[in-house]
Each structure stands twice: as C-alpha cells, then as structure tokens.
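The following exercises are to be worked through with the sequence and the structure at hand. Each task is followed by a solution in steps.

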Amino acid sequence: MMSKTPDPLWDPDLQGDEVLQGLTSALGAYRYAPRQGDAWSARPAAVPHRRRRRWVLAGAAALCACVMGLVVWMPWRLQWQDNRHWSIATHTVFSPAALDVGSTLTTEAGQAATVKVARIGRMEVLPRTRIRLLDTRTGHHRLELVSGRVRARIWAPPGYFAITAGASETIDLGCEFEMERDRQGNGSIHVTSGWIMHRVKGQETLVPAGSTMTFTAERGGVPFATTASAEFRATVQQLDRAMSQDMRLPDIEQLVANQAMASDSFALLSLLTRYPELASGPIYPKLAALLEQPVDVGHRAAWSRGGVHAMNLWWEQMPRPPKAWWLNWRDAFG
C-alpha cells in the first residue's frame, strides 16, 4: 500500500536524498520530452518486417481455409437424400414436425407453418392452405399447392425447386416469391427477388422481380409490374384473351401502346414474345422507344416470323437474366 506521507518517488517537486538525486540525474537524459503543442504525437513502435510478413502469411492462410470450407460446404448444401422428409421449423400443435413425400400439410384459420425446403430455402405456409410434398432429391424438389397461399425463398440453381398447381408448374430460378391458388385452379404469383418460370400446357412465361402474374387452370397471364395501372392491365388482358382465340384487335393494340409506361416494358416484351405477329402493329415501335432501340425493318420482320435471335436481342436488354441466380449469394447463409 502506498504511504500517505509525502514521498519524492511519487512527487517530483519534493527533493529526495543523495541516492535518489543521483539516479534522477543519471536517468534524466533518457526522459521523453514531446514536441510543444503535440503532446500526443508519439508513434507506435514500428513492426519488424519479418513479423509483418508472418501476419500477412497467416491472414492468407486463414482466407484460403475459408474459401476451401465454402467449396466443400456449398455443394453439401445442395445435396439431398432421395425422399428424405422436410422439417417444419415452426408449427402449431395441429401440424406435424416433418413433411414426408406423399403427405400433406394443412393450416386452418389462424394457423401457419414454416417449412425447410431441404437445405436450399424456406417456405411459409399461410393460414387456410394445403400443400403436398410430391418429390424431393438432389436437384429436384417438387411441391403441390392444392389451395391457399405460400411464400418461398430459395437459394439454388434454376429448376431445383418448383410448385405445381394442377396442370401448371412454377419453377424457381433462384428467387423469393409468393403464390396463391383457389380450389378452382385460379391464382397469382408475385416475385419479390430473382425470377420464376410459369409453365402450363406448353406455354412458358418468365416473371421477374417486382412483377405479378395471374393464372388459371388452363393458361398463364401476362406479367405486370406492380406499378402498372389498372387500365393498362385490363387492356392487355383483353388483348391477350383475343389473341389466344386468333383475333386481332388493332384498336386495342394501339390502346396498349398508348397506355404503356417505361415500367411496362417487360409486359410488352412478354406480349410480343407470346404473339410474334403483334410486331407488325404499334406495340413493337412503342417497346423499341422504351428500350431505346432502333426500329429496324429487318429485325421487325424477323420478330414477326417468330425469330428467336431477333427476340433475344431485346430480351438481353432486361436486367438480371435468370442464369444470374448466384448473384444472390447471401441467400446461401439465410
């Protein structure tokens, strides 16, 4: 314990004995004196070059170990044993703890469940919903939405996960989406991240993030941006129904072109892809203007004939093609 009596060891203003004075004089030359006005400018001691190199090598080794771990871990996450059940992460007392192939999960009013989709994602089963697990194995996970509403968030290559609804199939391309269906087979899909492909009776429709598409038991509709006006939606749906019955409605085609905004480009592109003959009308030049593309006579004629190359030139103007699922790499840790 330090004495309460004044001590020259702790108080430099006090004069010590001869021994202490001699030590103070001998060591005074080594006292640190900071520059005036820069009392805190002392620099840390320099790290020897050899030590710095050891730190760099240690950091590089740690980074390599992390990369190697991911190389091993990511393929493991995509692997799944044939017909292995899916776990139900959260559930009510009325639902099972796992979903087996061939079995169903039903939620009543006020009930919900969260299902782990193998190791590649999660799916919320909302109230008044019935689902059935059809098949599950590495690279192929299929679920049936009998009725109700689900939300799925998937991190996997295109085609690993899909939801069937009657004759249709909604194929995940690495995304997050919500889907609902009634008992008559009518429903809708809203994509919040990535893309999905809706397929029914040979008709294939791409739906990107920020878009909604309705469907029936027989066919899928045209995808619309969530910001699309009600008038534009109604006009496009009228044209879609007419074209499906081989009926051209020039006045409606013009109305669609007049109503379309920049955010409606994908709807116009889908419409022209579904019905290439519409390229001869007013929708083609309107889409060209929205995409800032020239109205080329040869390109327009090729599109009218259903030329895939001509269509791809404009499809490539759309952001985030389906093959870029891996850009959502953060979902791998979700």
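**Exercise 1: Aromatic pairs**

F266 has a relative accessibility of 9% and therefore counts as buried. The model in which this residue is examined is a predicted one.

Task. Classify the geometry of the pair F266 and W315, and state which parts of the chain the pair links.

Solution. 
1. The ring centres of F266 and W315 are 5.4 Å apart. Two such rings count as a pair if their centres lie within 6.5 Å.
2. The two ring planes stand at 90°, so the pair F266 and W315 is edge-to-face. The cut-off for this class is an angle over 60 degrees.
3. F266 belongs to helix α5 (residues 265–274) and W315 to helix α8 (residues 308–315). The two residues are 49 residues apart, and their pair links distant parts of the chain.
4. F266 and W315 also form one aromatic cluster together with W195.
5. A search of the whole structure finds six aromatic pairs.

**Exercise 2: A second pair**

Task. Determine whether the pair Y284 and W314 is stacked or edge-to-face, and whether Y284 is buried or exposed.

Solution. 
1. From centre to centre, the rings of Y284 and W314 are 4.7 Å apart, with 25° between the planes. Planes under 30 degrees apart count as stacked, and the pair Y284 and W314 is accordingly stacked.
2. Y284 lies in helix α6 (residues 283–290) and W314 in helix α8, so the pair ties together parts that are 30 residues apart in sequence.
3. The relative accessible area of Y284 is 0%, which means that Y284 is buried. W314, with 2%, is buried as well.

**Exercise 3: One side of a helix**

Solution. 
1. The buried residues of α3 are F232, T235, V236, L239, D240, A242 and M243.
2. An α-helix has 3.6 residues a turn, so residues three or four places apart point the same way.
3. Among the elements that cover the buried residues of α3 are β15 (224–225), α4 (250–259), α5 and α6.
4. Just after α3, D246 takes a positive phi of about 60°.

**Exercise 4: Positive phi in loops**

Task. Locate R128 and E292, and decide whether R128 and E292 are buried or exposed.

Solution. 
1. R128 is not a glycine, yet it has a positive phi of about 60°. This residue is found in the loop between β5 (121–125) and β6 (129–137).
2. The relative accessible area of R128 is 63%, so R128 is exposed.
3. E292, which is not a glycine, likewise has a positive phi of about 60°. The loop that holds E292 runs between α6 and α7 (297–304).
4. At 72% relative accessibility, E292 counts as exposed.

**Exercise 5: Surroundings of a residue and a ring**

Task. Which residues does D135 touch, not counting residues up to four places away in sequence, and how far from the ring centre of W80 is R84?

Solution. 
1. D135 is placed in strand β6. With 17% relative accessibility, D135 counts as buried.
2. With residues up to four places away in sequence left out, D135 touches N83, H140, H141 and R142.
3. R84 lies over the face of W80, at 4.4 Å from the ring centre.

Conventions
Residues are numbered from 1 along each chain as its sequence is written. This is a predicted model: local features need pLDDT of at least 70, side-chain atom pairs count only at pLDDT 80 or more; totals for chains, interfaces and linings use all residues. Side-chain values use heavy atoms; hydrogens and water are left out. Helices (H or I, at least four residues) and strands (E, at least two) are DSSP runs, numbered from the N terminus. Buried means under 20% relative accessible area, exposed over 50%, partly exposed in between (1.4 Å probe, protein chains only). A charge sits over a ring if NZ of Lys or CZ of Arg is within 6 Å of the ring centre and within 35 degrees of the ring normal. Contact means heavy atoms within 4.5 Å.
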